[in-house]
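Subject: Handover of a structure and the findings from it

Dear colleague,

Please find below the structure that I am handing over to you.

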Amino acid sequence: MEPAIKILIYIHAFFGGLGLITGIGSIMVKKGGKLHKRTGKLFSIGMIASSLISLPICWMPKHQNIFLFLIGLFTIYLVISGNRALTFKHKSKADRLDKIISGTMLFFSVLMISLGVYCQLNNIANGILFTFFGGFGFYMTVKDFIFYKNFSETNRNWLSKHIGKMIGALIASITAYIVAGLGIGNLIAWITPSILGTIYIIYWNRKIEPKKNVSTQIEQI
């Protein structure tokens, strides 16, 4: 059993490395260009494959880890949801699959928060991490449903959704490299990439925010 598990871990690491390299590459090249789209596709393939492989590993003997299992689901949600955000460029409302994806992650986010609270009350390790990432997932999925409800021709911030989710998945990849690859598993190593990534997301959201024209600004004054 253990040799088979090691093979799965190596495959998981390979696809994770592919996701990390292509993810960094996708944010360095021109957004919307051919190279960005190609690296983005490879990033999506790498992250989804790596996360899917990690799910059964987390339930195998001597490798049980409910936290990493939930983080794997969170990563899959980020990649799929980030790619589906692009479909809103050509449709007028969210479909059933969009809501199922967000609703499923909302459920697991509440589960993570609940486990986090339980762990912290009982002095069990990783309680704060359950709460931290569960809170992130809860925030993102609630924002999804608000987006679905208010989406219209004049409120088409699908690009912001795409950037936020894909950067979120890249954060997961970088965090995995630091924790698993470099063997640094303290609280700072887990949380710092998320904080820096959030700052980067805020930067891009402000950059793509439509500029108000002079007449509109005058009317508001």
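In which helix do Y200 and Y203 lie, and how many residues apart are they? Both belong to helix α7 (residues 187–208), where they are three residues apart, about one turn of the helix. Helices (H or I, at least four residues) and strands (E, at least two) are taken here as DSSP runs, numbered from the N terminus. An α-helix has 3.6 residues a turn, so residues three or four places apart point the same way.

Before the remaining findings, some notes on the basis of the work. The model is predicted, so local features need a pLDDT of at least 70 and side-chain atom pairs count only at pLDDT 80 or more, while totals for chains, interfaces and linings use all residues. Residues are numbered from 1 along each chain as its sequence is written, and side-chain values use heavy atoms, with hydrogens and water left out.

Confidence

pLDDT is the predictor's confidence in each residue, from 0 to 100. The protein chain has an average pLDDT of 87, and 93% of the residues score at least 70. Over residues 213–221 the pLDDT stays under 50, and for this stretch the model has two contacts beyond four places in sequence. Contact means heavy atoms within 4.5 Å.

Helix α1

Helix α1 covers residues 2–28, and its 27 residues should span 39 Å at 1.5 Å a residue; the end C-alpha atoms are 39 Å apart, which agrees. The expected span of a helix is 1.5 Å times one less than its number of residues. The buried residues of α1 are I5, G16, G19, L20, T22, G23, G25 and S26. Buried means under 20% relative accessible area, exposed over 50%, and partly exposed in between (1.4 Å probe, protein chains only). These buried residues pack against α2 (34–57) and α6 (158–181).

Aromatic residues

Rings of Phe, Tyr and Trp (its six-membered ring) pair if their centres lie within 6.5 Å; planes under 30 degrees apart count as stacked, over 60 as edge-to-face and the rest as tilted. By this rule there are 16 aromatic pairs. One of them joins F14 and F15, with ring centres 5.3 Å apart and planes at 75°, so the pair is edge-to-face. F14 counts as exposed because its relative accessibility is 55%, whereas F15, at 23%, counts as partly exposed. Y200 and Y203 form a tilted pair, at 6.3 Å centre to centre and with 35° between the planes. Y200 is partly exposed, with a relative accessible area of 26%, and Y203 is also partly exposed, at 44%.

One aromatic cluster is formed by F67, F130, F132, F133, F136 and W190.

Nonpolar cores

A nonpolar core is a set of buried Ala, Val, Leu, Ile, Met, Phe, Trp, Tyr and Cys residues joined through side-chain atoms within 4.5 Å. The largest has 28 residues, and those with the most contacts inside it are F67, F74, Y77, F133 and W190. The elements that give two or more residues to this core are α2, α3 (66–84), α4 (96–121), α5 (127–150), α6 and α7. The most comes from α3, with 10 residues. Leaving out residues up to four places away in sequence, F67 touches M112, L129, F130, F133 and W190. Another core, of six residues, lies apart from it and includes F88, A94, F151 and W158.

Individual residues

T75 is found in helix α3 and counts as buried, at 6% relative accessibility. Beyond its neighbours within four places in sequence, T75 is in contact with M47, S51 and A172. H162, in helix α6, is likewise buried, at 14%. With residues up to four places away not counted, H162 touches G82, N83, A85 and L86.

Two loop residues conclude the list. K62 is not a glycine, yet has a positive phi of about 70°; K62 lies in the loop between α2 and α3 and is exposed, at 79% relative accessibility. N123, also not a glycine, has a positive phi of about 55°. The place of N123 is the loop between α4 and α5, and N123 is exposed, with a relative accessible area of 74%.

With kind regards
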